[in-house]
Amino acid sequence: MNKISIPTEQLKIVIVGHVDHGKSTFVGRLFHDTGSLPEGKLEQLQRIAERRGVPFEWANLMDALQSERDQNITIDTAQIWFQTQKRQYVIIDAPGHKEFLKNMVTGAANAEAALLLIDANEGVQEQSRRHGYLLNLLGIRQIAVLVNKMDLQNYSQERFNELEREYRKFLQSIGVEPKQFVPIAAKHGDNIAAKSANMPWWNGPTVLEVLDGFKVSDLPSDQPLRFPIQDVYRFDERRILAGRVEAGTLKVGDRILFSPGNKASTVKTIERWNAPSRDVASAGESVGVTLTEQIFVERGSIASLETEAPYELTRFKARLFWLGRSPFRKGKLYKLKLATQEVDCEIDSIDRVIDSSTLETVSRREKEIFVGRNEVAELTIKTRRPVAFDAHSEIVSTGRFVVVDGFEVAGGGIVALDSYPKRTPDSLQKSDNIFWSQGKVTNVQRERRNGHPGLVVWLTGLSGSGKSSIATELERELFNLGKQAYVLDGDNIRHGLCSDLAFAPQDRRENIRRVGEVAKLFADAGLICITAFISPYRADRELVRSMVLDGRFIEIFVDAPLAICEQRDPKGLYAKARANEIKEFTGISAPYEAPENPELHLHTEQTSVSEAVAQILDYLHVHAEETEISI
């Protein structure tokens, strides 16, 4: 077959299928039928097979191409490609779940479409369903299903229709609408590049026609800027921050923010390797940048425009596909990789575990909560330090991650959409002449002097649950033990610092943000800052947690039933709320989001103030004979 001219359009695809369902045979035949083989390669392999006295197999061709690619002989090490008259196709080579997951999530490959093979003889297997679920999880929506080895079923239309009904029903149950089902016999080339004479009943497209019908996605240049830093190079006096623009556009003169850490500077130059200099870089380009101010930035930071920053938190909701030999368990530390960030993480809570082949919810006893191999989980992940991310539905490249167990990629998934707190444009507008003042007294010196670290002890709960009573008694006990403690009370803050705020949701959020900043300063000064705030929204409390050093934020849920709180009603507020005299009152006309995993849970309907204080002191390991607090 004569070579066709090389088109400029390119589409990345992944080809998956159960073991022995014919993937290698299909790829080998595809290369041949599209004229994409290196010159003389087919004849060479046919001669080798003849010398060995064995029949030639198309799968051998795929193995040879793979070997040559690995040795960097004739095929580019970054891709295995074939072409049609319309476009060039790049096959994301993924021999197994783990490799595919790792390549897709870490950005080494971003497939836009998939071909999924099913053996007409063996039918739909568990692995077939898992592949479908995995493709859906990673956001690949252009999927065609190839029913292979039709020759082993005598090219039966009934068998093809049966498998199509079965697998289409499964895909639809997970929200996937396949573009096409095609009956093929890869070994003989049936319905790959040309219509098969063996299946006159088939009036649909060939595989190549299906591929050419897929759409090439536009690069996400119109999305918010996301520029993960891969490395920092130093040349003389210059520091070049190198990375790939994953989304948006980067220009000289842009004021950019680096997350996590919230350090900002202005782009001075954009550097390219062996390419003309330009002052703009768009999604898909790998470039280096220099800054006007030499701030400390390292690998893992994600650059964005100040007005469109990513989320920056220590908790996020996710959908995860687990492939590890050992289960994904609560209480164990793992390594999370998101873009170029690497951070220790653990399970915060698991909402649901799903069998990826049956889609049934897995039932386990409370003490046996884990995610097993080939299971999918809807869960919350907690990281040891803040991580910058986006919801996968908003920005793909910074909305997916992998989890490493030991030295192996054991799972991966996507960040689910939730009500995460996010910086607003006006919160970032500050003068270039404002700098953080660093004193000469260190945290270690303060801890030695005070006999304890600085902490934020955050009491949250409904009005009347006992927060203020516990806070003031805790402060007194700590003071008597020789500790430096101070209470920030909700009403007191409203008299001054937050006197300009009302009680609408946006005002409540700003109230908590300000309190969080003050509490952070108290903790930095080495004090035990005790706060007593309703703080009804989880996202707001998580924002404060992300402000404070790891392990120094202690969330305590002061829990009393609404009926008990109304019965106590120490300030008469519930009566006014019931009489509609107070708008937006938490528990009555405004929601309260209870902590999902607080450090301490106090049930004050059956616990006295002194007992509650004793529980807190026990948690902090503070006793009369001790001179230190350890957490």
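Is Arg 545 buried or exposed? Arg 545 is buried, at 11% relative accessible area. Here buried means under 20% relative accessible area, exposed over 50%, and partly exposed in between (1.4 Å probe, protein chains only).

This is a predicted model, in which local features need pLDDT of at least 70, side-chain atom pairs count only at pLDDT 80 or more, and totals for chains, interfaces and linings use all residues. Residues are numbered from 1 along each chain as its sequence is written, and side-chain values use heavy atoms, leaving out hydrogens and water.

Side chains of opposite charge can pair when their charged atoms come close. A salt bridge is a side-chain nitrogen of Lys or Arg within 4 Å of a carboxyl oxygen of Asp or Glu. The whole structure holds 31 salt bridges.

Arg 545 joins Glu 599 in one of them, at 2.9 Å from N to O. Glu 599 lies in the loop between helix 14 (573-578) and strand 27 (600-603), and Arg 545 in helix 12 (residues 538-547), so the pair ties together parts 54 residues apart in sequence. Helices (H or I, at least four residues) and strands (E, at least two) are DSSP runs, numbered from the N terminus. Glu 599 is partly exposed, at 22%.

Now turn to helix 11 (residues 505-524). There, Arg 513 and Glu 510 sit three residues apart, about one helical turn. Their salt bridge brings N and O to 2.8 Å. Arg 513 is partly exposed at 32%, and Glu 510 is partly exposed at 22%.

Arg 476 is partly exposed, at 43%. Glu 477 is partly exposed too, at 26%.
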